[in-house]
Amino acid sequence: QVQLAESGGGMVQAGGSLRLSCVASVGRFGVTDMGWYRRAPGQQRDTVATITSGGTTTYSDRIRGRFTISRDNAKRTIYLQMDSLKPEDTAVYYCNANWQTIERRYDFWGQGTQVTVSS
């Protein structure tokens, strides 16, 4: 069973920074793709940033240049450094772990951490 534990959320003023962390209890972390997603009130969950097991990153256009995703395989942890935060970044942020086999894709989600940006 894979468990993901997010931390680092909170309340910050616009222009401020937060750093989210996600610790994964997965033995195969080094070959697991990871990502951050978010759900704003009344909206669907959207992709924020992803990082493959090889370190390739992708970013949503809405946050590119402001957020940075990274991973530390030794600590089985991924991070999301969020700078220049805007009120529209307010959402619950979720950590995702996934891998693909011949038969299917496996997805696991954390409980989420709230980020609130005030104007």
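**A chain of strands: group meeting talk**

Before I go on, a word on the model: it is predicted, so local features need pLDDT of at least 70 and side-chain atom pairs count only at pLDDT 80 or more, while totals for chains, interfaces and linings use all residues. Residues are numbered from 1 along each chain as its sequence is written, and side-chain values use heavy atoms, with hydrogens and water left out.

Back to Ser 84. Its phi is near 50°, a positive value in a residue other than glycine. Why mention that? Most residues other than glycine have a negative phi. Ser 84 is also partly exposed, at 41% relative accessibility. Here buried means under 20% relative accessible area, exposed means over 50%, and partly exposed is in between, with a 1.4 Å probe and protein chains only.

Arg 76 is another residue with a positive phi, near 55°, and again not a glycine. You will find Arg 76 in the loop between β7 (67-72) and β8 (77-82). With a relative accessible area of 37%, Arg 76 is partly exposed. That loop between β7 and β8 also holds Ala 74, which is exposed, with a relative accessible area of 76%. From Ala 74 to Trp 109 it is 35 residues in sequence and 20 Å in space, C-alpha to C-alpha.

Now let's zoom out. How many helices and strands does the chain have? The count is 0 helices and 11 strands. Both kinds are DSSP runs numbered from the N terminus: helices are H or I with at least four residues, strands are E with at least two.

What about overall size? For 119 residues, a compact globule would have a radius of gyration near 14 Å, and the chain agrees, with 14 Å. This radius is taken over C-alpha atoms, and the globule rule is 2.2 Å times the number of residues to the power 0.38. Along its principal axes, the C-alpha trace spans about 45 × 30 × 25 Å. Of the 119 residues, 43% are buried.

Next, the disulfide, meaning a pair of cysteine sulfur atoms within 2.5 Å. The structure holds 1 of these, and it joins Cys 22 to Cys 95, with 2.1 Å from S to S. Cys 22 sits in strand β3 (residues 18-25) and Cys 95 in strand β9 (residues 91-100), so the pair ties together parts that are 73 residues apart in sequence. The link is left-handed, with -80° about the S-S bond. Are these two cysteines buried or exposed? Both Cys 22 and Cys 95 are buried.

My last stop is Leu 80, in strand β8. At 0% relative accessibility, Leu 80 counts as buried. Which residues does Leu 80 touch, leaving out those up to four places away in sequence? Among them are Leu 18, Leu 20, Trp 36, Val 48, Phe 67, Ile 69 and Tyr 93. A contact here means heavy atoms within 4.5 Å. Gly 30, for its part, is 50 residues from Leu 80 in sequence and 18 Å away in space, C-alpha to C-alpha.

For the whole chain, take contacts between residues at least 6 apart in sequence: 55% of them join residues at least 24 apart.
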